[in-house]
Amino acid sequence: LGSPFCVAGVFIKKYGCCFFNHRAMDALVQLLEEHKIHFEDAASVEVEIPPFIANMLHFPEPKNGEEAKFSLQQSLGSILIDGKIDLPYVRPFSDAGAVDPRYQKARKKIKVIERKDWAGGRSAPWFTPVTIYLKDGRKYTKTVSADQLRGGGKYPLSREELAGRYRAMTQGFLSSPQVDRSIEPRLEGGCARGG
């Protein structure tokens, strides 16, 4: 095995929360960007989810960072407030983020609808359609499927996004020179590898 040994099919999380939030988050980010929507424009946001996701993302009013990671209200509300997000997107999923008054206000605009008629579990195809209702009466819906999700093989994060995420996650553990040195790839046997 492996001459050289490379890993393929890796998915990198963009957001600092449970992966089952990500499709709905990507859909809302795209809706905000495509239609130039701001928090003040939005009356409400609805997201439909299958029962197995409802069982995992069950903290509508998180009290700490751990609960915030498993809250669609927190993840979608924070995007509604923050608009354009920087990666890695972790601030809303901290203890401070969970009790941030801005995010608490935004959570009130998020309605999660559990679709009990959607049978199957994780292995069945599943979706999380997001609909944003604007105060002027317009509404827009978007669904992001597994193969459209950014961060995987089909739509990988850019090198700059990866480097930014790596820098944020290694801050406090490695010095800046160590981080810079470890980001620069060395080619060995056809695989790029951090030093």
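How exposed is Arg-150, buried, partly exposed or exposed? In this predicted model, Arg-150 has a relative accessible area of 30% and is therefore partly exposed. Its salt-bridge partner is Glu-161, with 2.5 Å from N to O. Glu-161 belongs to helix H7, which spans residues 159-170. Arg-150 sits in the loop between strand E4 (139-142) and H7, so the bridge ties together parts that are 11 residues apart in sequence. Glu-161 is also partly exposed, because its relative accessibility is 22%.

Lys-14 and Asp-26 are both buried.

Another bridge pairs Arg-138 with Asp-136, at 2.9 Å from N to O. Here the two partners fall into separate accessibility classes. Arg-138 has 39% relative accessibility and counts as partly exposed. Asp-136 reaches 52%, over the 50% limit, so Asp-136 counts as exposed.

Tyr-15 and Tyr-89 make an edge-to-face pair. Their ring centres are 6.2 Å apart, with 80° between the planes. This pair links distant parts of the chain, 74 residues apart. Tyr-15 lies in the segment before H1. Tyr-89 lies in the loop between helix H4 (72-82) and helix H5 (95-98). Tyr-15 is buried, at 3% relative accessibility. Tyr-89 is likewise buried, at 3%.

Phe-20 and Trp-126 form a tilted pair, 5.4 Å from centre to centre and with 50° between the planes. Phe-20 comes from the segment before H1, and Trp-126 from the loop between strand E2 (110-114) and strand E3 (130-134), so the pair ties together parts that are 106 residues apart in sequence. Both Phe-20 and Trp-126 are buried. They also belong to one aromatic cluster, together with Phe-19 and Phe-52.

Trp-126 has a charged neighbour as well. The charged end of Arg-23 sits over the ring of Trp-126, 3.6 Å from its centre. A further contact of this kind involves Phe-39. Lys-109 lies over the face of Phe-39, at 3.9 Å from the ring centre.

Cysteines were considered last. A disulfide is a covalent bond between the sulfur atoms of two cysteines. A search of the whole structure finds 0 disulfides. Cys-17 takes part in none, and its nearest cysteine sulfur, that of Cys-18, is 7.1 Å away. Cys-17 is buried, with a relative accessible area of 2%. Cys-18 is buried too, at 10% relative accessibility.

Terms used: Residues are numbered from 1 along each chain as its sequence is written. This is a predicted model: local features need pLDDT of at least 70, side-chain atom pairs count only at pLDDT 80 or more; totals for chains, interfaces and linings use all residues. Side-chain values use heavy atoms; hydrogens and water are left out. Buried means under 20% relative accessible area, exposed over 50%, partly exposed in between (1.4 Å probe, protein chains only). A salt bridge is a side-chain nitrogen of Lys or Arg within 4 Å of a carboxyl oxygen of Asp or Glu. Helices (H or I, at least four residues) and strands (E, at least two) are DSSP runs, numbered from the N terminus. A disulfide is a pair of cysteine sulfur atoms within 2.5 Å. Rings of Phe, Tyr and Trp (its six-membered ring) pair if their centres lie within 6.5 Å; planes under 30 degrees apart count as stacked, over 60 as edge-to-face and the rest as tilted. A charge sits over a ring if NZ of Lys or CZ of Arg is within 6 Å of the ring centre and within 35 degrees of the ring normal.
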